[in-house]
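Biologist: I am new to this structure, and I would like to learn how to read the place where two chains meet. Could you take me through it step by step?

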Amino acid sequence: MNLDAAKQTFLEEARELLEDMERILLDVEATDTTDEQLNALFRAMHTIKGSAGLFGMDEIVHFTHEAENVVDLLRGGHLALGEDLSGLLLRCHDHVKAMLAVVDDKAMQQEMLKTSLLDELRHYAQPAAAAEAANTGHASVPEPGGLRDWVMSLRFNDDVLRNGMDPSAFFRYLRLLGEFLIVQPVLCRLPQAERFDPESCYLRFELLFSSDASQQMLLDVFEFVREDSQIHIFPVSEAAAHWPQLIAHADEAEQAAVRQAWHALGLSPDAPASVATAPEPAVAVAKPADKATDKADKPAASVAEAKAPRGSESRFIKVEAAKLDSLINLIGELVIAGAAANLMARRSAQSALVESTIAIANLIEQIRAGTLSMRMVQIGDIFSRFPRVVRDVSKELGKSIQLNVSGADTELDKSMVDKLGDPLMHIVRNAMDHGIESSEARLAAGKPAEGNVWLNAYHESGSVVIEVADDGAGLRKEKILAKAVANGLVAADSVVPDGDIYKLIFEPGFSTAEQVTNISGRGVGMDVVRRSIEQLRGTIDIDSAPGEGTTFRIRLPLTLAIIDGFLVSVGNATFVIPLETVIECIELPPDALQGDAHNCLNLRGEVLPLLGLNRFLELGQPHAKRQNVVVVRYGDSKAGLVVDELLGEFQTVIKPLGNLFRHLRAMSGSTILGSGEVALILDVPSLIHFATSQEAERFASHAEHAQQRGGHGNH
Amino acid sequence: MGALTIRRGRDAAQVEEVHEDVLQYLTFQLSGETYAIGILSIKEILEYTTLTQVPLMPAFIRGVMNLRGAVVPVIDLAVRFGRNETGVSRRTCVVIIEVANEEMQQYIGILVDAVHEVLAIRAVDIEPPPQFGSRIRVDFISGMARVDNRFVVLLDVEKVLSVEEMATLSAMNGSEMADLREAEV
């Protein structure tokens, strides 16, 4: 058994539990508490405590124990979950998280244990505990009633060691809850030396234990082995009554041995003790029956069945991401090979062959869709972080802000979800800091004092749209424009459409905030946001109305692995344009493109800037006689790419171009065509961006000259 | 028969022991000169097929090719060494080389005029690179091997195909081109 792997599982589980805990605490702040929520809170702390105990992380056990006490009181109704307490528990949550992060650093953990949180927790626990003590008079059986003696019958399954559980760990942990009075091992199952399997656990124990913990708490200690071991815990007074249940699944030899152990504990089972002799031969008899009894053990309903089995767990299979990735790669190959086969079939002009390749292609398409859906996760995974952030930041800013989340079940590629967290966080923080005004300003503007931030996600024509909206003051166009002119981003007298003005806030070092807070306003970040969205082949747009609010709209492709492309040829080269960016194709009027790579076309009254790929990409091949224009969309704008031939739609698997080409803008990757040739995928937004920046540089140098001249004039 | 095989096996082992400082090199022709690369870094040798040109890249990056589903860049070594572009003939080959790059294996193809043979060269026959007088950058040379009384240049693959350096070069190339275009305007 690899302990590291088990530890990893523990950390993973703890992380999930903590996430649950956080979510519940934040929910609780908004609504009234339910028993289920409180139980879940308790379970989170308790399970972490239990598992940490198994790994000997005493500091975490110690801390979570205190937190658990408080949650237990909450659960019992002795405490009410007010804002202070949930705040405290949130901080405890953070603390446990921090402790788990330094799980290998004992000294650090010791240090972290010296926190004032413990005192605060005790402060809650003590008065309530006193009140509880008063209550114990009419408490029912499972309620803790001060110090009590318990009989424990611990009959571990043979496999506990193989499952990574060490019985001694349970004992170590039990010691934290109370005191061992007498421990009697039951050794009747111990085989002779030659049959002894060092990986099996033959040990069984009967013991007397003194503790003030409840029966449930004691049973919970054994939560991890309860399923296949027989764990019985009774108050001493009730021990005799439970004797038949205890020995129900034991064979004779074991019964005898247990009986003897009970005598040693000073207990007497109700059945006469006359049989309880001759334990020595019993050992020999016990062996052949071992396997059979074990089998019978498992379905045995023990008293310990307190919680319903976790049903949801069996519905999911955890798969290593790498395995899934390699499967998706293979399917990518299959798509390519399928396309090649299809091409051959069509060339051979045998209709039966063509039909069967089409049938295969359909199946491949289904497999592809199925596999890709395995990578899809709900965007709620990242949305769930935000309630906490909004709560904390709004407190910090002294604003009252409500977060509204919708569309959390929208699915998105896992790898994208991972990369989306930071940019979204940035936008949300910005919206809260700059977007939403202070309560006074809001009231003065005739708006409710509480601000709103909306997070919304939905699917739209093959892509995912994520919206972050606020009902704050909106972006101030004049101010942005003035700043842009001051920074030299825009010429002073130029006319810029609204959408482009808003986009200026994505320029590096751009911030119109007068006040730099520690949340945002330094102007670092929005350019990073745009860059990370563009890396995901996405676009970001801004809508804003003065006084009504701002909406950031992020549009992302569903997946990064496969795209639908539109194949075009330019000279001898073939390029793929992502289909989602293509709006239409038209023939190029013969006189439209002259000389320069940049030009414009009149598209039904609209101005369409043209980019001649042949010239721009320096392919150096002569123009074909007839050229075509592919009208593409990037963000809210359109552009026309001048190409030679249109070759139609093509489903492509994206192959990264590798490190060598990392500086290459304008290409987002490559793909392999059915013929085996490599075609490059055009990255439309960065291609246009590249072209625009070149033009801007060109104009900027003119503007610079002009400015320099102006500057001299002033002096 | 069995005994014979065993004996032969032992012989081979002895031979290896005696010549343990012998390494094998692939020699090839490049713009009229013979170069060699250690065979351990060579993955395979392919006939030249049409490459896909990657626009906006420096001339020494000839393009990319499809290596059983993987997209592999192909370098024109002659251009990298400051010569003219390698022409394509019947004997033109692409040698696929495995390059370690930040703990990641990457395949890079090099375009050569013709592939000759695999030579076993003893370490004692390898001279350090001359400080000057060689016709390519000194740091590209890992040694000069004496073969039949003439010298064969052993290439330092890590340096010649340094992804880091080539990527930087191509980035510079891009901005230079932008500058040039600006100047045109």
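Predicted model: local features only at pLDDT ≥ 70, side-chain atom pairs only at ≥ 80, totals over all residues.

Biologist: How many residues of chain A are in contact with chain B, and how much area is buried between them?

Modeller: The size of an interface is often given as the accessible area lost when the parts come together. Here 25 residues of chain A are in contact with 32 residues of chain B, and the area buried between the two chains is about 2,500 Å², with carbon and sulfur atoms giving 63% of that area. On the side of chain A, the residues that lose the most area to chain B are L660(A), F661(A) and V678(A), which together make up 25% of what that side buries.

Biologist: Which polar links does the count find between chain A and chain B?

Modeller: There are zero salt bridges between chain A and chain B, while one residue pair in polar contact is found across their interface, with both residues at pLDDT 80 or more.

Biologist: Which element gives the most to the side of chain A that touches chain B?

Modeller: That is helix 22 of chain A, with four residues, and the residues of this side divide into 13 nonpolar, five polar and seven charged.

Biologist: How many disulfides are found over all chains?

Modeller: A disulfide is a covalent bond between the sulfur atoms of two cysteines. The search of the whole structure finds zero of them over all chains.

Biologist: Is C93(B) buried or exposed?

Modeller: C93(B) counts as buried because its relative accessibility is 14%, under the 20% cut-off, and C92(A) is also buried, with a relative accessible area of 0%.

Technical notes: Residues numbered from 1 in each chain as written. Chains lettered and ligands numbered in written order. Heavy atoms only, no water. Contact = heavy atoms within 4.5 Å. Buried area = accessible area lost by both parts, 1.4 Å probe. Salt bridge = Lys/Arg side-chain N within 4 Å of Asp/Glu carboxyl O. Polar contact = N/O pair within 3.5 Å; in protein donor to acceptor, adjacent residues only side chain to side chain. Helix = DSSP H or I, 4+ residues; strand = E, 2+ residues; numbered from the N terminus. Nonpolar A, V, L, I, M, F, W, Y, C, P; charged D, E, K, R; others polar. Disulfide = S-S within 2.5 Å. Buried < 20%, exposed > 50% of the residue type's maximum accessible area, 1.4 Å probe, protein only.
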